[in-house]
Amino acid sequence: MEKGNGNEAAAQAVLNRSTFGWLWKFTEGKRGTYLMSVILALLGVACMLLSYICLAELIRQLIAGGHEMSFYLQRGVQIGILWILRYVFHSLSTYSSHSATFGLIGNARKKLLKKLGTMPLGAVQSRSSGEYKNIICDRADHVEPTLAHVLPEFTANIIGAVAMFIYMMTIDCRVGLWQLICIPAGFIAFSVMMASTPKYYPDTIKKTKALNAAAVEYIGGIEVIKAFGQSRTSYGKFVKAAKEGAECFINWMQKENFWQNFGMACFPATMLGLLPSGVMYCLNGTLEPADLIVLIILSFGTVTPLITAFGYTDDISKVGEIISDMADILDEKDMKRPEKSRAVPRGHDISLKDVHFTYKDKEVLHGIDMEIKDGTVNALVGPSGSGKSTVARLIASLWEVDSGEIRIGGVNIRDMSLKEYNRHIAYVSQENYLFDQTIIDNIRMGKDGATDEEVICAAKKCGCHDFIMSLENGYQTICGGSGGHLSGGERQRISIARAMLKDAPIVILDEATSYTDPESEAVIQSALSRLTEGKTLIVIAHRLSTIADADKIFLINSGWVEAAGTQQELLASNPLYRNMWESHIAVRKEEA
Amino acid sequence: MLRTFKKFFDLCGEKERKQFFMSIFLGVFHAFFAAMRIPAVYVVIKAIFEGGLSEKQAYVSAGIIFVSIILQTAVSMKTTMLQTRAGFNTSSFKRIEIAEHLRYVPMGYLNDEGLGKITSVATNTMESFSGIAARCVLVISKGIITTLVIVLSMFFFEARIAIVALITMVIYLVGTEFMIRAEGEDSDAFTTSQDSMVARILEYVRGIAEVRNFDLFGKSITDVDSSIDRFTRYSTRMESIYEVAMFFLNILTKLSGIVMMIMSIAFYLGGSMSLVYTVMMIICSFMIFESLDQVGAFNGLTRTIENCADKVSEALMSPTMDIDGKELVPESMTLTVKNVDFSYDKRKIIDGVSFEIPERTTAAFVGPSGGGKTTITQLLARFWDVDNGRILLGGTDVREYSYDSLMKNFAFVFQNVYLFSDTIENNIRFGKPGASREEVIKAAKAACCHDFIMELPDGYDTMIGEGGANLSGGERQRISIARAIMKDAPIIILDEATANVDPENEKLLMKAVESLTKEKTVIMIAHRLQTVENADQIFVIDHGKIVQHGSHSELMNEEGIYRRFISERKEAAGWKLGSRSA
């Protein structure tokens with residue numbers, strides 16, 4: 001048990017160190033501003049201290065029987081000016097820490113987004129867009145309250161309290177110490193409270209997770225739940241989770257209730273020690289009554305800021321968590337491609353030599369060799385999970401090979417800049433993204449500065465023109481969720497038109513031949529035929545009949561090229577291919 | 001601010017609202033018990049100035065503080081529990097209300113995006129509700145009420161100073177309201193800049209493949225940087241407005257304290273106030289507005305409360321239908337549709353459709369996408385309620401059945417398969433709760449799932465979803481068919497599209513569908529020629545109407561959509577890529 005706690009503490013220490021490590025790294029470039037913010041905060045503290053000294057003098061004068069109103073007015077004005085200065089510094093301090101923090105968050109966002117352009121696309125896509133939104137948009141903002149407030153306020157509150165305490169000690173150190181008498185009681189109360197945390201906190205985490213999971217299941221699966229007539233049962237489960245989610249917190253609070261509130265009442269009760277001790281010292285003549293009154297006034301200003309300061313410590317670790325999530329993305333490996341290409345490919349032969357690739361610590365390609373001739377039709381086939389898509393994605397430079405090389409026109413693709421390389425490849429998948437822009441702009445993306453005529457010409461070739469013209473706003477229709485409701489097939493055709501405009505010599509169709517919209521299958525097929533005319537084509541197709549005429553079919557199985565050749569050759573020589581073909585034909589026969 | 005508070009309290013249940021009010025009420029007492037240090041100080045100071053300082057004052061003052069600690073602890077224990085209960089219970093009840101509401105929302109109305117939003121309300125929004133929102137409302141209302149009570153009670157001691165305090169308080173509150181309003185405009189601009197930044201970033205992230213593919217970096221579409229900069233600017237601007245406002249509010253309370261102090265001294269010098277009172281006034285003048293200062297600090301959060309409240313009401317806004325019919329068992333499985341109209345978003349989708357599907361026959365719906373065939377099949381199972389006309393199951397209107405008793409008769413196979421993050425066994429068993437393992441395996445075998453399940457590390461106990469098995473599209477489809485087989489409902493509604501399924505899987509999928517539909521009433525959105533040909537009835541749907549109806553051979557003899565459809569399908573099935581002749 002003891003040992004377990006020790007380990008936990010050690011782990012926590014490491015975590016904290018890294019939290020501050022992250023913070024340190026994160027604040028790079030704005031540390032000067034933060035320093036400024038701290039200095040301003042300290043100036044604010046100094047003004048506050050001075051105002052209390054003025055106040056003390058005023059009180060002494062009053063008790064000594066000073067009768068000149070002008071003196072008090074003067075002091076009053078002084079105190080007023082000091083307070084104003086104090087808040088001027090305070091505001092400037094928080095303002096500068098905020099502007100620094102907002103700037104940092106903005107920079108972090110930019111860095112993260114830029115990173116998405118340089119790391120392997122496959123790695124980018126291993127997180128969902130929802131996750132990116134969560135990290136880049138939502139959670140990034142949560143850094144602000146802590147980072148912007150902690151530095152100036154933590155310093156101001158702690159240093160302020162300590163400075164006041166020291167000032168009190170210079171007046172009378174005995175009373176200064178006596179006022180702290182209730183602090184141990186407060187600490188004991190808080191430590192009892194903290195001690196029960198490990199007992200209840202995990203339960204609340206567990207119940208909250210269970211509740212969130214129940215919510216996701218119930219709401220996400222509501223269709224299935226209703227369809228199976230189980231809304232009552234599932235609803236009951238959710239209700240139970242929701243109630244437990246609340247009860248665990250209420251229970252925890254009930255257990256800690258006394259200690260928390262007792263502690264909160266003890267900490268600021270400086271008068272408990274100050275008043276009696278002050279009275280006693282006055283009685284034995286070692287303390288001036290005027291000093292006692294001054295001490296009373298000063299004491300009111302000492303403890304409250306300390307409590308405020310401790311409220312922030314919890315948040316710091318949360319911020320560390322957020323920043324380390326960002327760092328996870330920023331630490332991803334970049335594609336190793338030069339800024340400027342070192343060589344120009346001659347033709348578009350593609351060759352893969354001994355290509356290995358590991359995904360999530362598991363090698364999925366074990367040495368792929370392939371030769372693809374310029375202007376030929378090539379198909380990658382194989383059982384699901386065989387690695388055929390990975391091969392296509394490596395050729396498209398969505399991933400980076402671990403070892404081995406891919407050459408295009410004799411040039412290692414790692415000697416070409418990504419920008420240059422992308423010009424050679426059109427990668428068409430089932431789901432190509434359409435931006436929340438007009439149709440014409442979406443197609444135009446294929447070729448920088450393409451004229452309207454060129455766009456319309458591409459659209460016509462891809463069988464888009466007619467349906468686009470039938471839309472209310474024609475080519476000016478917005479594609480995104482806010483605009484015209486385009487069907488899956490229509491969206492697919494627009495993206496094919498975009499790829500056609502790009503006119504890249506190598507076309508990769510990654511399962512682009514399975515359709516989300518069977519009704520427009522025929523039109524999509526003819527669009528694809530036009531797109532691929534005269535290109536070096538690499539296609540992954542589920543329907544083997546589609547690629548029966550390919551110049552070369554590569555059969556990929558468990559990360560190896562098992563066989564390569566024409567349809568006839570493979571049928572004759574490879575039992576796996578024959579098997580796949582037969583089951584395909586069995587399904588198709590009735591149709592054709 | 002009052003509007004925000006109203007929204008907050010409207011959101012709470014009756015009981016929780018009372019608990020919150022009680023907690024605010026007791027909070028005022030708490031402030032008074034905390035202020036007991038003032039009488040304790042008074043005892044000492046009075047003795048100092050009026051003579052007679054003795055040990056007695058030491059004991060009395062210590063006693064008062066001690067009692068104050070006890071009372072504060074006692075009262076805050078009570079208020080803490082009231083708040084905790086009210087806060088957590090409110091969010092728990094709201095979650096339940098959302099879940100309850102969903103039961104009544106027409107199924108057709110639900111989509112991924114909407115459900116995602118609702119999930120986020122039920123989780124994140126409710127979490128910040130029980131945390132930040134509740135605390136913010138309580139601190140603000142307690143602060144205002146406490147200060148008001150202090151200021152009013154000051155009138156009994158010293159009316160002249162009390163007036164200054166009252167004026168300060170009024171200016172403070174007016175100023176706060178003013179600040180919230182002033183922020184309002186900028187805050188709208190701020191929200192707009194935030195929304196546009198989020199939209200830009202999402203576009204960039206979702207379209208990252210295209211951005212790279214077509215080298216769109218730095219183009220206007222992907223200009224995320226300027227939207228980030230704009231957001232940074234507006235955030236900083238909002239913060240500076242807030243800082244300026246807080247600066248004036250802070251200065252206001254502090255300067256007012258100084259004015260009260262100087263006034264007391266003037267009264268003392270003028271002889272109308274005793275020294276004891278004057279010193280006490282000086283001490284108090286800086287404490288009167290302690291609670292008020294907290295009000296200012298929490299003001300920045302009122303917008304969060306309003307956001308929470310708005311999101312929750314939005315989640316509860318979707319239309320509902322009455323699902324609490326009678327527990328009925330249909331007399332037959334014949335479905336009859338009589339003159340049905342249905343509109344969505346003011347657009348007529350189904351336009352005066354009538355037909356009948358007798359028990360144990362197969363009906364195929366074909367037609368162009370967007371023609372309304374999906375909606376018709378959804379109406380049969382009451383994913384929506386019709387606008388006009390009637391849909392009968394076994395001669396009884398589907399609206400007369402309770403929803404659960406209606407659903408007992410249907411099993412669905414959708415294109416989008418939702419599997420729960422649970423074991424495979426439990427996912428299949430969902431079709432028939434309480435089924436034995438043998439029954440589950442039997443259904444899995446019928447749906448051609450058994451073999452691939454046995455190859456998984458934990459077989460039927462393999463978890464699906466995050467950290468669990470990654471199933472292919474075809475495998476997920478088959479599990480959902482096993483689930484439907486398990487349910488053994490007499491009517492099957494099936495969307496046949498087999499997108500993204502490889503050949504081995506497609507064959508198995510067909511076999512699975514075959515075992516599911518044996519001896520059943522089958523309603524399908526059909527794409528495969530064979531299934532269409534074998535259907536007892538074929539309905540061709542276009543523009544919300546039945547444009548053709550009959551058997552395959554009948555329809556092939558007619559000029560029309562169907563014949564075109566069939567020939568196009570045949571052509572598509574024979575399509576080959578890269579045949580250079582084409």
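Asp354(A) is placed in strand β1 (residues 350-359) of chain A, where helices (H or I, at least four residues) and strands (E, at least two) are DSSP runs numbered from the N terminus. The model is predicted, so local features need pLDDT of at least 70 and side-chain atom pairs count only at pLDDT 80 or more, while totals for chains, interfaces and linings use all residues. Residues are numbered from 1 along each chain as its sequence is written, and chains are lettered from A and ligands numbered from 1 in the order in which they are written.

The phi of Asp354(A) is near 50°, a positive value in a residue other than glycine. Asp354(A) is partly exposed, with 13 other C-beta atoms within 10 Å; a residue is buried if 20 or more other C-beta atoms, placed from the backbone, lie within 10 Å of its own, exposed if 12 or fewer, and partly exposed in between. In chain B, Asp488(B) has a positive phi near 55° and is likewise a residue other than glycine. Asp488(B) lies in the loop between α17 (473-487) and β7 (491-495) of chain B, and with 13 C-beta neighbours inside 10 Å it counts as partly exposed.

Chain B contains an open sheet of 4 strands in the order β2-β1-β4-β5, with antiparallel pairing; strands pair if DSSP finds at least two bridges between them. β2 (347-357) and β5 (396-397) of chain B are at the edges with a single partner strand each, so one side of each has no neighbour in the sheet. Strands β1 (residues 335-344) and β4 (residues 388-393) of chain B are paired in the antiparallel sense over 5 bridges, and Val337(B) is opposite Ile391(B) in β4(B).

Helix α21 (residues 521-532) of chain A has 12 residues and reaches 16 Å from its first C-alpha to its last, close to the expected 16 Å, which is 1.5 Å times one less than the number of residues. Buried residues in α21(A) include Val523(A), Ile524(A), Leu528(A) and Leu531(A). The buried residues of this helix pack against α20 (488-502), β7 (506-510) and β8 (536-540) of chain A, together with α21 (561-573) of chain B. Gly534(A), with a positive phi near 75°, follows α21(A).

Between the chains, 131 residues of chain A are in contact with 125 residues of chain B, contact being C-beta atoms, placed from the backbone, within 7 Å. Helix α3 (residues 69-118) of chain A supplies the largest share of the side of chain A that touches chain B, 22 residues.

Key: Two residues are in contact if their C-beta atoms, placed from the backbone, lie within 7 Å.
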